[in-house]
Amino acid sequence: MDLNEHLIKDATSTYVVRVTGDSMEGAGISDGDELIVNRALEPRDGSVVAVLDGELTVKRLPITAAGVVLHAENLQYPDILVPALAELVIWGVAARCLHHV
Amino acid sequence: MQEIAHVDVNCFYASAERAFNPKLEGRPVIVLSNNDGCAVTRSPEAKALGIGLGDPWFKLAPRAKEWGLVALSSNCELYGDISARVMELLGRYSAWLEVYSIDEALLGVRGSPKHLLDLGRTIREACRRHIGMPVRTMGCASCFRIISAECPKSSPHLCGTATILTYQRGPDTSTGLPLWRAER
């Protein structure tokens, strides 16, 4: 099995990002894991995105009637509410997590 | 009529570094040549400080802190990888692509000036979104000699926009070259 073919749908737009921190533990993304981020994907409600917030951070992206939430999958980190998706700089959408077991 | 579009990436090495380090956004950034000899790429902020292409690092270093200048050693593997991505993406928009340098390509294109302008914008947006690279100007002309002579590369108001050069009338008396008018 060719993992490149299996994991990467669009090599031109895909980057591997190493995660630091525990803010996405609840989504199975742990410190030191690698994410396969596809910049060509449109962020949808519930996507896990790499977003620019001073630096690159990884957050869940619930899109609600009240606005867009940057939601950490860890209760220690509060939600950040953003009025509109256009106000965020979404760097890319995480397609896969390479988790260390 | 088949035309040739010229696409290049704005301060390529500095932009490639910025794509992976957002903290460099808005700061003067230079990328140094082998062995950190001299500045080979300058971000617009670094150009505004008066740093010239090829300025030796030992002359810049004493003032770097005062300027808040970020000087990076070149990371050629990164630039090669990003370049390959840009070229692959550009290849989606034309069956004829000539990779002209690490950050420049020529594409065979067809269509009305409006169509070409739209195509330029589409390419610019795709490069920005898919790879995080700012494509600077795109000029179209019937031969590359005209593009290289007439493309308003250095005019700041056209930087980062798609530019279509359309034939106006007669040759320019000063250069003997056909006169081209830049349309936004």
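**Exercise 1. Aromatic pairs**

Find how many aromatic pairs a search of the whole structure gives over all chains, and work out whether the rings of B:Phe12 and B:Tyr13 are stacked, edge-to-face or tilted.

*Solution.* Keep in mind that you're looking at a predicted model.
- Step 1: the search turns up 6 aromatic pairs over all chains.
- Step 2: what do we need to describe a pair? The distance of the ring centres and the angle of the planes.
- Step 3: for B:Phe12 and B:Tyr13 the centres lie 6.0 Å apart and the planes meet at 55°.
- Step 4: stacked needs under 30 degrees and edge-to-face needs over 60, so with its 55° this pair is tilted.

**Exercise 2. Buried or exposed?**

Decide whether B:Phe12 and A:Ser23 are buried or exposed, then look at where A:Ser23 lies and what it touches.

*Solution.* 
- Step 1: the cut-off for buried is under 20% relative accessible area.
- Step 2: B:Phe12 has 3%, so it is buried.
- Step 3: A:Ser23 has 15%, so it is buried too.
- Step 4: A:Ser23 lies in a chain A loop, the one between β1 (14-18) and β2 (34-38).
- Step 5: leaving aside neighbours within four places in sequence, the contacts of A:Ser23 include A:Val58, A:Ala72 and A:Tyr77.

**Exercise 3. Rings and charges**

Find which residues ring pairs link into a cluster with A:Tyr15, and which charged residues lie over the rings of A:Trp91 and A:Tyr15.

*Solution.* 
- Step 1: ring pairs join A:Tyr15 with A:Trp91 and B:Phe20.
- Step 2: over the ring of A:Trp91 you'll find the charged end of A:Arg39, 4.4 Å from the centre.
- Step 3: over the face of A:Tyr15 lies B:Arg85, at 4.0 Å from the ring centre.

**Exercise 4. A sheet in chain A**

*Solution.* 
- Step 1: the 3 strands form an open, antiparallel sheet in the order β5-β6-β7.
- Step 2: zoom in on β6 (residues 67-70), which pairs with β7 over 3 bridges. Here A:Leu70 stands opposite A:Ile80.

**Exercise 5. The nonpolar cores**

Find how many residues the largest nonpolar core has and which helix gives the largest share.

*Solution.* 
- Step 1: this core has 38 residues, and B:Leu107 is among those with the most contacts inside it.
- Step 2: the largest share, 7 residues, comes from helix α4 (residues 76-91) of chain B.
- Step 3: a second, separate core has 9 residues, including B:Ala39 and B:Leu60.

Terms used
Residues numbered from 1 in each chain as written. Chains lettered and ligands numbered in written order. Predicted model: local features only at pLDDT ≥ 70, side-chain atom pairs only at ≥ 80, totals over all residues. Heavy atoms only, no water. Core = buried A, V, L, I, M, F, W, Y, C linked by side-chain atoms within 4.5 Å. Buried < 20%, exposed > 50% of the residue type's maximum accessible area, 1.4 Å probe, protein only. Helix = DSSP H or I, 4+ residues; strand = E, 2+ residues; numbered from the N terminus. Phe/Tyr/Trp six-rings, centres within 6.5 Å; stacked < 30°, edge-to-face > 60°. Lys NZ or Arg CZ within 6 Å of the ring centre and 35° of its normal. Contact = heavy atoms within 4.5 Å. Pairing = 2+ DSSP bridges.
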